[in-house]
Structure formats: structure tokens, C-alpha cells
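Dear colleague,

Please find the structure below, followed by a summary of what was found in it.

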Amino acid sequence: MDTNFNYVHVAASERLEEFTKEKLNKLKERFDFIVSAEVFFKTENSSAKQEGRIAEIKLSVPGPQIFASANEENFDMAVNKTISELKTQLQKKKEKMQTHH
């Protein structure tokens, strides 16, 4: 699966990319209709210590794109939360696709 990583006010991170790719590959195994992923890592100046690290993931799938984002205290947590939101959306999409066959 093609995965593009974009960093906004964040230094690029191999470890973060590997971690995210691993999660995305698990989604791809479960939902084989995913075409590609666009991942954004952003930092936000937040007064709250619990947030400021934002992960956004856009998935190209048949029909409208699926998008989720999370704002957490670190990128790993943000990626995990984003992936679980995507999983929910993908599950709904899969059910819809199956009813059309």
C-alpha cells in the first residue's frame, strides 16, 4: 500500500513511520479495499500537556475518502487513536459494501 508521510512543524521520524506503517498494514490485511494512505504529523502549541501532537490519516478507498485525526500528548497515542477511529469507519464501509453485492 502506498503511504505518504507529511510532517508539519515536526522532524521526520523513521521510528514513527515504521510504527504507523505497521498499524496501517494491519488495517490493510483486514480491509483489502484500502488503496493508499496519507499521514500527517503536526505539532500544535498547546498549553495543555496532554495534547499538541496531532496525527491525521486519510485513506483512499472506493467512494469518499476516510479521514480521522487525534490530538494527544505523543504521536504514538495519537496514531493509535486515529487507527482505531479509522477501523470503526472502515468496518461501517465494509458492511455497506457487502449489502450492495
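The largest pocket holds about 170 Å³ of space (a pocket is an open set of points on a 1 Å grid over the protein atoms alone, where a 1.4 Å probe fits, with protein on both sides within 12 Å along at least five of seven lines; a volume is the space filled by probe spheres set on the points). Ten residues line this pocket, with Pro62, Pro64, Ile66, Lys93 and Lys96 closest to its centre (lining residues have an atom within 4 Å of a point). Helix H2 supplies five of them, the largest share (helices are DSSP runs of H or I, at least four residues).

This is a predicted model: local features need pLDDT of at least 70, side-chain atom pairs count only at pLDDT 80 or more, and totals for chains, interfaces and linings use all residues. Residues are numbered from 1 along each chain, and side-chain values use heavy atoms, without hydrogens and water.

The axes of H1 (residues 14-30) and H2 (residues 75-99) come within 11 Å and cross at roughly 15 degrees (axes are lines fitted to C-alpha atoms over the stretch in contact, with angles from 0 to 180 degrees between N-to-C directions). H1 is therefore roughly parallel to H2 (angles under 35 degrees).

Kind regards

Conventions. Helices (H or I, at least four residues) and strands (E, at least two) are DSSP runs, numbered from the N terminus. Angles under 35 degrees count as roughly parallel, over 145 as roughly antiparallel, 65 to 115 as roughly perpendicular and the rest as oblique.
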